[in-house]
Amino acid sequence: MLNLIPNFLMQAESDKLGSAFTPGLPNTPKTFWLPEGASTIASEIDWIFNFINYINYFFFFLVVSIMLYFVWKYRQKGRDVYARGPSHHLMLELGWTILPTIIVVVIFFMGFRGFIDMRVPPANSYQIDVTAQRFAWSFKYPNGAVSNDLFVPAGQPVKLIMRSEDVLHSLFIRDFRVKQDVVPGRFATLWFQADQPTEGDKFHWVFCTEFCGTGHSLMNSKCFVLPEADFKEWETEQARWLDKIPAEELYFKAGPKLFARCASCHTLDGKLGTGPSWGNYDGTGNVWERNQVGTSRKVDGGKALSDFIGPGKQYETPEGYLRASILNPGEHLSDPYGNAMPTFRGQITDKGIDALIGFMKHLDEFDAKGVWLKAPPAAAATDPAKPAVK
Amino acid sequence: MTTLDARPISTPAPDNYLTHTRGLMSWVFTLDHKRIGVMYLFAVLSSFFVGGVMALLVRTKLLFPGEVSWMTADQYNKAFTLHGAIMVFLVIIPSVPAALGNFIMPIMLGAKDVAFPRLNLFSFYLWVLGAICAVWSLLAGGFDTGWTFYTPYSTQFSAGGTIPVLVGVFILGFSSIFTGLNFIVTIHKLRPPGMTWFRMPLFLWAIYATAIIQVLATPVLGITVALLVIERSFNIGIFDPSMGGDPVLFQHFFWFYSHPAVYIMVLPGMGIISDIIAVHSHRHIFGFRFIAFSSIAIAVFSFLVWGHHMFTSGQSPLMNVLFSAITFSVAIPSAVKVFNWLATLYKGSISLNTPMLYGLSFIFLFTIGGLTGIPLAVISTDIHLHDTYFVVAHFHYVMMGSALIAMIGGLHHWWPKMFGVMYSEFWGRIGCALVFVGFNITFFSQFMLGSQGMPRRYYQYQPEFQIYHHISTGGSYIMGLGFVITAIYLIHSLFAGKKAPANPWGGASLEWQCSSPPPHDNFATTPRVGDCYDFSAVRWDEKEQGYVVDTEAHIASANSGKGH
Amino acid sequence: MKQADTPFDNPAARFEAGRMGMWLFLLVLAMLFGATILGYLVVRLDNGDAFIPIDAPSPPPILLASTIALMLSGFTMQRAVHAARIGDPRQGAMMMATLALAAVFLAAQALAWRELYQQNVTVSDNLYGWTFYVLTGLHAAHVLGGLPPMIVTAWRASHCAYNASNYRGVTYCAMYWHFLDGVWLVLYATLWFGSVR
C-alpha cells in the first residue's frame, strides 16, 4: 500500500539521478487543507491525511445523502401512520460492523508506518540544543552560537534536543509536520530534514503549542533553512557576532537584536506586559532613569530602588542592579510583578549585558519596536538576524 | 382503557408535581426526582449561558490578530479557561444524566423515584457548591490553566483562583459520582415486571453505560485534583519534576478520567437520539441489541484509549502505537450506531418536528465529529494536528455538536412532558436551523485553521489565519442568535404555551403514558410494560390532540412478537 | 409534609438496593486509592533508591500498633453486625468497642506522624515525606469521615435499634469499615516496601 505514495516514487527517481543533480525533495505547495510541506516526511504525512480525508468525504456524503433521501422518501403522510420497517437484520448489521473494522485496521497500519519513520533520527544528524523558557525559544549550535530564530542546514537531517526551564512547552514546525512536547526534567528529541533553502524573506514558523501562560501566543520563532555553505558561514558568524562589534556601537547594533528575546515580556512604549516596561510610564521615567534616580516602583515588598542602588548599598551603580536583574531576576522583584522571569545566566555574555544596558540608556533613539531611528536608510533595510542568502 | 394509569387523559390530573406542594421550601428540600431534575435543568442552562458568553467574548477577540485594548492576554486566557471548565464540568457532564435523566428515567421505568432520593438531592447541592467554588475562584483572581490543569503550570505559575476551582472540580466530581451510583442502582432494582434489559428504552441503556463510567473514572479525577491542590500548597508533589516527580503522570491521570468523560458527555446524547429517531419516525428502532451493546462497548473501550491525548508528550513509542490501535476500536461501535439510526429512518413515517430536526442535526454533526477523529487517532497525522484548532473543531463537533445538540433535542422532546406546555413549532425550527448553520460555520472553518497549523489557546495570531477566524466568529454570532431565540420561545411557552397532551409525538415508552406534567408519584400503580419501540398500538386521537396508546393491544403485540 | 424518602415499598428490596449502592461506593473509593497507590509506585520506581533520602528513617514501628487496632476494630464491627441481626443487646457495646479502636488507630497514626516529624521528615522536603503523609493522611481522612455515621449507628445500637427485620445501618457501616481495613493493609505494605532500599 505504501508503494502507492507518489513521493516515494519521486524519491527513488531522484536517487537514481545522483545527488549532484538533485536539490532534494521539492517542497509541496499550500493546499486547501494543508500548509506548505517543507520536510522530507511532509509528503508522506500529507498523503495519509488526504487518504483519510477522501475516506471521510465518502462516508460523510454516504451517511448524509442516505439520511436526506430517507427523510424525504418516508416523510410522514397523515398523522395516524404506524410504520412497519424491519426491526433488525443480522447480516446487514454484522456487515456494517466488520467493514469499518477493516478500514480502520488499514488506516492504523498506514499511520503506524509513518510514525516509525518520524521517530528514528538518522545517525548523521546535525544536533541543535533547544531551551524553552516562558515565552521564547533559544537555539544553541554545536560551535557555541546561540540564536532566537532557528537556522538549519538544507539537505541534512537535523536533530533537536530540547529541554524546558519551567513549564510544558511544545515545539511545532507546521511546514515540517513535526511537533514534540518539551517536559521539564526530561530531554525531548525531534528530527527533521528540510531539503529546500528558504528564499528571501520566507521562513517556516516555529510555534509553541502547549499552553504556557500570558505570552504563549508570542512564543514563536522563525526557522530559516540555509544552503550548507551559507549555513556554515552563518554559524561561524553567529558564534562571534558580538565580539566583532566595537564597544561604542554595541547599543544600537547588538541591543535591538538582544531585545528581541526580551520583547515577549517587556515593552519599550510604557505598555504593561508580563514584566515592567522599559519605556516611560506612570511619570517615573524609562528603565534607565528609574534606576539612576532610584525613585521608582517599590521593590522587594515595599523598599524603593534607591534602597538598593548607591554607594555602600547592595549595588554600587544602576548598571550593577540591572545586571543582577538579568542574571538573578528573582532576587529583587519590582511591585506588582511576580517571579516570572527566567534567569539568563549562561545565555548572555558580559558584552551582551553591556549592549542591553546601553540600549536602555539610549531608549530615546529607538522606536517602540526597537528599531534604531538614527540608522542610515540603507543599513536599516538589512535584517541583522539573517545573513543575505546568495 | 387508554392509559396504564386509571386517570383519564383528557381531564388533567388535578394535581401534578409542579402544583403538588407550594412555596420555596417545597423546592429546596424536595426529594422528588422531577423537581430535582428541573432545578438541575435551570442550573445547567444558566451555566450554559455564562459559558456561552465567554465563548462569544473569546471569538470576538479573535476577530483581531493582534492585541485588543478591551481584553488583555491574561483576560483572554482566563476567558477561554472559564469557557472550557464551565462547559465541561458544569454544563455538559450533568446536562443529560442529571437534568433530563433525573426527570425522565424513573418515569420511563414506571418507578416512583430514583433509588436514593436523598442522595439525589445531595448530588444537586454538591453541584451548587461546585458552582460556588467556580465563582470563588473568579473572585480570587480567576484561573488560566486551560480546563486541563496541566502541571507544572497549574502548580507554579497559574493565577490565584486555581485552588478554588480545583476544589470545585473535586466537589463536582463527587456530584457526578453519586448521580451515576444512584442511576445504576435505580436501573438494576426498580425496573417494573416485564421490563427486561432488552425492553428497556435505549436512553436508559445509554444512561446506564454512562453511569458506569462516572463511577469508575471520576474518582481518579477527584484524587488527581486533590493531589494537585496539595502540591500547589506545599510546592512539592508527585507531579513536580524538580523533586523527582513526573508531570506526564498528571496527564495520564487526567486523561484516564477525561477521555471517558467525553463518553459521559456523548453517550447519553446517543441514547436521546435513539429514542427521538424512533419516536418521530413512528417505527421500531433498527437493531436494538447492536445499539445497546455498542453503548456498553464504547463505555468499556473508553477506559483504554486515554493515551491518544499524549502522542506528542514523550510517552514511549510503543505506548503511542498501542493507544492508537485501541483508539480505533471506539470508531466501530460509533459507526454501528450511525448506521442503525439511518436504518431506523428506512420505511419510517418521519415527522420533522423540532426534536427530530435536532436528531437529524446530531447524525450530521456526529458523523463529522467522528470521522475527523480518525486523522487524530493516526499517530503520524495527529503529530501535525495535535493542539491545533483541528482538535478544537473536532471536539466541539463531538461535545457540542453531538452531546449538547442531543441535550437540546431531548429538551424539546420532553419539554411538553416536563412542563405540560407546547412551544412554538415554527420558532423551534427556526432556532434549530440557526444553531445548525451557525455551528457548522463556526467550527468547520476551524478544521482548516487547524490543519493549516494554527495552534490553540493563542491570543495573538499570524494575519494569514484571520479570514478563517472571521468566518468562525460570524458563525458563532448566528449560533448565539439561534440560542437566544430558543430561550425566548421556551420561556414564552411556559407562560403562554398551548396545553400539551400526554403524548404529543406518539411515543410508546412509559413516560408518554402518564399525564403532562406528571403527577407527584408518577404512576398510581406499577404500570405494565410492552415493547417501548412498538408503535403498532399508538393512535392519533382528535379529542386529545395527541396520541394514545392502547395498552392491551400494546402488551399483546409485544408478547406475540408482532409489530416489528 | 413528610416526603417519601424511598421508592421501595418493601424493606428487603430497599436493603438490597442500599447494599448495591454501598458496593458501588466502595468501588469508587477503590479507584481513588488505587490511583493514589499507582501514582506512588510510578514516582517510587522512576526514582529508584534516590527516592529515599540518605538519613530518612523507616516507617515508625507504631504503625504496627495502629494496624492491630484497626484489625481488631474490624473484628468487633463484625460482632456488632451479628448481634444486630439477632437483635442481641450487645450490638451497642460492640459498636462502642469499634469506635474506641478507631480512636486508638487515629491516635497511633498521629503519633507516627509526630515521630517522623521529629526526625525532620516533613511534607515539603522531599517526595519520601510527602507521599508518606499524603497516603496515610488520605486513609485517615476516610476513617475520620466514616466516624459520624458510625457514631449515629453506635448510638442507635446502644438503644438496641437493630434487629432481624432492620439491620441496614450497621451493615452499611461494616462494609465501609472492612473496606478501610483492607485499604490500610495494602497501603501499609506499599509504604513499607517503598521505604526499603
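Trainee: At roughly what angle do the axes of α3(B) and α7(B) cross?

Mentor: In this predicted model, local features need pLDDT of at least 70, side-chain atom pairs count only at pLDDT 80 or more, and totals for chains, interfaces and linings use all residues. Residues are numbered from 1 along each chain as its sequence is written, with chains lettered from A and ligands numbered from 1 in the order in which they are written. Helix α3 (residues 73–108) and helix α7 (residues 202–234) of chain B have axes that come within 11 Å; axes are lines fitted to C-alpha atoms, for helices over the stretch in contact, and angles run from 0 to 180 degrees between N-to-C directions. The crossing angle is roughly 125°.

Trainee: Which residues of α7(B) make the contact with α3(B)?

Mentor: Two residues are in contact if their C-beta atoms, placed from the backbone, lie within 7 Å. From α3(B) come Pro97(B), Gly101(B), Met105(B) and Met108(B). From α7(B) come Phe203(B), Leu204(B), Ile207(B) and Thr210(B).

Trainee: How many residues does chain A give to the contact with chain B?

Mentor: Chain B contributes 76 residues to this contact. Of these, helix α10 (residues 317–345) of chain B gives the most, with 14 residues. The number from chain A is 69.

Terms used:
Helices (H or I, at least four residues) and strands (E, at least two) are DSSP runs, numbered from the N terminus.
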